[in-house]
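Please open the structure in your viewer and keep the selection tool at hand. The tour below moves from stop to stop, saying at each one what to select and what is there.

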Amino acid sequence: MEWSACLDEYEKLVIRMTTPRVVIDNAVSSKATVVKVDSARKHRILLEAVQILTDLNLSIKKAYISSDGRWFMDVFHVTDLNGNKLTDESVINYIEQSLGTIHPGKPTGSNGLTALELTGTDRIGLLSEVFAVLADLQCSVVDAKVWTHNGRIASLMYVKDCNSGSPIEDTQHIDRIEARLRNVLKGDNDIRSAKTMVSMAVTHTERRLHQVMFADRDYERKPILQPGGDSPVVTVQNWVERGYSVVNVQCKDRTKLLFDVVCTLTDMEYIVFHATINTAGDRAYLEFYIRHTDGTPISSEPERQRVIQCLQAAVERRASEGVRLELCAPDRQGLLADVTRTFRENGLNVTRAEISTAGDMALNVFYVTDAVGNPADPKLIESVRQKIGVSNLKVKELPPLIYHQEAEREDQTAGVAGTVLLSLGSLVKKNLYHLGLIRSYS
C-alpha cells in the first residue's frame with residue numbers, strides 16, 4: 001500500500017485498522033478455496049462480504065463467522081458451481097480487491113437505465129401482460145429479475161427507450177408506464193396491494209427484491225399449493241447467559257442460500273455476531289448467534305415466530321420450482337412479450353425469471369410449471385419449444401452442486417438439532433482453529 005506524503009502516522013494506523021485484510025488460500029483445503037476476511041466490525045459488513053462472493057456465482061460450502069468486540073473475522077470455503085477450487089487469477093484478484101474495499105450501504109447505480117419495481121398478486125399469464133404493456137410503451141427490457149412466493153409476485157426491471165436507447169426520464173411517459181402496469185398488476189382483485197415504482201437508481205437487485213417482498217409481507221400469506229416435504233426448518237432459541245438468540249436453519253443446499261438468509265436478518269435489523277455454515281450432501285445447516293442492533297436478543301414469542309416465518313420465506317423465494325428453460329436469441333422489440341404469451345397460451349406458469357442482454361443477444365432463464373404448480377408435461381414443453389424455436393429455447397437442468405462426503409462429521413452436525421447450544425468460548429476457538437491461529441479447538 002502506497003501512502004500519501006500528507007498522511008501522518010496516526011492516519012496511517014486508522015487506515016490499516018479500518019481496511020479489511022483479505023487472504024485467499026488454495027493450500028489449506030483440498031476441496032475448496034479458503035477466503036479469510038479480518039476487519040473492524042461494521043453493521044452490514046457481513047452481508048457485503050457474502051454478496052461479493054455470491055455475485056460471482058460461487059458456492060459457499062462452509063463458513064465460520066465471529067465478531068468479538070470491535071473486530072470482525074470471517075472464513076469462507078468456496079468453489080465454482082462445478083465444485084472446483086478457484087484458479088483464475090483475475091477472479092482471485094477481483095475478490096481480494098472487492099473484499100478489501102467494502103463500504104456497507106454503498107448504493108448501486110442503474111448504469112443509465114430506468115428501474116421499475118412491481119408488486120402484485122401472481123396469476124398465470126401476468127408476466128406476459130406486463131411485457132406486452134412495456135413493448136407497447138416502447139420500453140426495452142435490458143435486465144430483470146422476477147420472483148414469486150405465496151401467491152405474490154415481485155420484480156425489478158431495468159428498461160430504456162427502445163428508439164433512443166436512453167433512460168426514460170419524461171415524467172408524463174413515466175406516469176403512463178406506472179398507471180398501465182398498475183392496472184395489469186391489480187387485475188380484478190388486487191386493487192390495494194398492487195404497486196409500481198419508477199426510479200433511476202436502486203440498491204443491489206436481489207437485496208431489493210427481498211426488501212420488496214418483505215414489505216409486501218409475503219411471509220404471512222398462505223401458499224397457494226401445499227409445500228412439499230423439503231420445506232426449510234427454522235428454529236430460534238435464546239441463550240440467556242450470553243444474551244444471544246440462536247437461529248438454526250436446515251434446508252436443501254443451493255447457490256446464494258447464505259446471502260438470502262443474511263440479507264433477511266440484516267433487513268430485520270439483527271446483527272450476526274457468530275455463525276457456522278456447513279453443507280453435507282445436498283443439505284445445508286446454518287447456525288447464527290444474533291442480537292438486535294441495540295444489543296438485545298429476541299424478547300417475545302410473536303417476534304420469534306416472525307423471525308421463523310421471514311427466514312422460511314427468504315429460503316423459499318429463490319427456490320427453483322419447475323422446469324428451467326433458457327432462451328438465447330437475437331434481441332428485438334417485443335421478444336419477451338411473444339415468448340411469455342406462448343407460455344401462457346400453452347398453460348405454463350412462470351415461477352421465476354432472470355432476464356439479461358449481451359450486445360444484441362437476449363439471454364433469459366424461465367422456471368415454469370403447469371397452471372396449478374405441478375411439473376409441466378414434457379410433451380407440452382417440447383410443443384412450446386417448437387413454437388418458439390428449438391435452437392433458441394432449451395431445457396436445462398440446474399448446474400450440479402458438487403459435494404464432498406468426506407467433510408468432517410462434527411462440522412456437519414454442530415448445532416443442527418439446536419438442543420445443546422455451543423459455548424461462546426468453543427465457537428471462537430473453532431473459528432481460530434480454521435483460521436490456522438491455534439492447533440486444535442477440542
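Contact, as used on this tour, means heavy atoms within 4.5 Å. This is a predicted model, in which local features need pLDDT of at least 70 and side-chain atom pairs count only at pLDDT 80 or more, while totals for chains, interfaces and linings use all residues. Residues are numbered from 1 along each chain as its sequence is written, and side-chain values use heavy atoms, with hydrogens and water left out.

Begin by selecting Ser 67, which sits in the loop between strand 3 and strand 4; helices (H or I, at least four residues) and strands (E, at least two) are DSSP runs, numbered from the N terminus. Is Ser 67 buried or exposed? With a relative accessible area of 1%, Ser 67 is buried, where buried means under 20% relative accessible area, exposed over 50% and partly exposed in between, using a 1.4 Å probe and protein chains only. Apart from neighbours within four places in sequence, Ser 67 is in contact with Arg 41, Phe 72, Val 272, Phe 273 and His 274.

Next, select the open sheet of eight strands, whose order is 1-2-4-3-13-14-12-11 with antiparallel pairing; two strands pair if DSSP finds at least two bridges between them. Its edge strands, each pairing on one side only, are strand 1 (21-25) and strand 11 (233-239). From one strand to the next the twist averages 20°, with axes taken as lines fitted to C-alpha atoms (for helices over the stretch in contact) and angles running from 0 to 180 degrees between N-to-C directions. Within this sheet, look at strand 2 (residues 33-40) and strand 4 (residues 71-79), which are antiparallel and joined over eight bridges; Asp 38 has Met 73 in strand 4 as its bridge partner.

On a 1 Å grid over the protein atoms alone, a cavity is a set of points where a 1.4 Å probe fits but cannot get out, and lining residues have an atom within 4 Å of a point; grid points are joined across faces, edges and corners, and a volume is the space filled by probe spheres set on the points. How many cavities of 30 Å³ or more does the structure hold? There are seven cavities of that size, and the largest cavity contains about 140 Å³ of space. Select Lys 42, Arg 44, Leu 46, Ile 271 and Val 272, which lie nearest the centre of the largest cavity among its 14 lining residues. Two or more lining residues come from each of helix 2 (45-55), helix 7 (257-267) and strand 13 (270-280).

The second largest cavity holds about 100 Å³, and of its 14 lining residues, Ile 60, Asp 253, Arg 254, Leu 257 and Leu 258 lie nearest its centre. Strand 3 (59-66), helix 7, strand 13 and strand 14 (283-292) each supply at least two residues of this lining.

For the last stop, select strand 15 (residues 323-330), which pairs in the antiparallel sense with strand 17 (residues 361-369) over eight bridges, Pro 330 standing opposite Met 361. Strand 15 also runs antiparallel to strand 18 (residues 393-396), to which four bridges join it, and there Leu 325 stands opposite Val 395.

Technical notes: 1 Å grid on protein atoms, 1.4 Å probe; cavity = no way out; pocket = protein on both sides within 12 Å on 5 of 7 lines; lining within 4 Å.
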